[in-house]
Amino acid sequence: MQSIEVAQLNQAFTSTMVSITKQISKLLTHELIMNFSLAIPHVEHLTYEFDEWLSNEDLIQTFVGLARFYEGQGAHNQAINWRKRCLSTVSEKLGEADPNIIASLNNLAESYRLQGKYKEAESFLL
């Protein structure tokens, strides 16, 4: 009985954190950043400890939301780290042929482009 309750709590936690990441847009105001900032450590924890509770789409969304949160603050290196982690996780879990690999490469290229690192961006686009 207890393991069923734990599973339900894990699923509720996961669903809540994913719903938060879906609200993180490319353009963030200071107010939105403040609103999201309390949840971000939990979302980060989710990617390490609760990934088995995430669908493939929600797993990718979690990484995208984290990267957008950091890009919205100009913390591009942190955003790139999350984009790279997304790429490696997608590759590991879904395989090199998965279409999300292309989206992950494109997102990583965009993060480099935002920093003005055009050569790095180009390598991911090619």
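Modeller: Start with the surface. The protein exposes about 7,600 Å², and carbon and sulfur atoms supply 54% of that area. Such areas come from the Shrake-Rupley method with a 1.4 Å probe, and for residues only the protein chains shown count as cover. This is a predicted model: local features need pLDDT of at least 70, side-chain atom pairs count only at pLDDT 80 or more, and totals for chains, interfaces and linings use all residues. Residues are numbered from 1 along each chain as its sequence is written, and side-chain values use heavy atoms, with hydrogens and water left out.

Now the inside. Of the 126 residues, 38% are buried. Buried means under 20% relative accessible area, exposed means over 50%, and partly exposed lies in between (1.4 Å probe, protein chains only).

The fold comes next. There are 7 helices and 0 strands, and the pattern along the sequence reads α-α-α-α-α-α-α. The radius of gyration is 15 Å, close to the 14 Å that the globule rule gives for 126 residues, so the protein is as compact as a globular protein of that length. That radius is taken over C-alpha atoms, and the rule is 2.2 Å times the number of residues to the power 0.38. Along the principal axes, the C-alpha atoms fill a box of roughly 55 × 40 × 15 Å. Helices (H or I, at least four residues) and strands (E, at least two) are DSSP runs, numbered from the N terminus.

Contacts tell you how the chain folds back. Among contacts with a separation of 6 or more, 56% come from residues 24 or more positions apart. A contact means heavy atoms within 4.5 Å.

Charges, briefly. The protein has 10 positive and 15 negative side chains, and the centres of the two sets lie 9 Å apart. Lys and Arg count as positive, Asp and Glu as negative; His and the chain ends are not counted. Each charge is placed at NZ of Lys, CZ of Arg, CG of Asp or CD of Glu.

Now your rings. The whole structure holds 5 aromatic pairs. Rings of Phe, Tyr and Trp (its six-membered ring) pair if their centres lie within 6.5 Å; planes under 30 degrees apart count as stacked, over 60 as edge-to-face, and the rest as tilted. Phe63 and Trp82 form a tilted pair, 6.0 Å centre to centre, with 40 degrees between the planes. This pair links distant parts of the chain: Phe63 sits in helix 4 (residues 56–71), Trp82 in helix 5 (residues 76–94), 19 residues apart. Phe63 is buried, at 2% relative accessible area. Trp82 counts as buried too, at 9%.

Another pair joins Tyr112 and Phe124. These rings are stacked, 5.6 Å centre to centre, with 5 degrees between the planes. Here too distant parts of the chain are linked: Tyr112 belongs to helix 6 (residues 99–114) and Phe124 to helix 7 (residues 118–125), 12 residues apart. Tyr112 is buried at 9% relative accessible area, whereas Phe124 is partly exposed at 23%.

Val64 is buried, at 11% relative accessibility. Beyond its neighbours within four places in sequence, Val64 is in contact with Arg83 and Asn107. Val64 and Ala79 are 15 residues apart in sequence, and their C-alpha atoms are 8.9 Å apart.

Now the loop between helix 5 and helix 6, where Gly95 lies. Gly95 is partly exposed, with 23% relative accessible area. Gly95 touches Val90 and Ile101, not counting residues up to four places away in sequence.

Ser37 lies in helix 2 and is partly exposed at 30%. Gln23 is in the loop between helix 1 (2–22) and helix 2 (30–37), and counts as exposed at 52% relative accessibility. From Gln23 to Ser91 is 68 residues in sequence and 25 Å in space, C-alpha to C-alpha.
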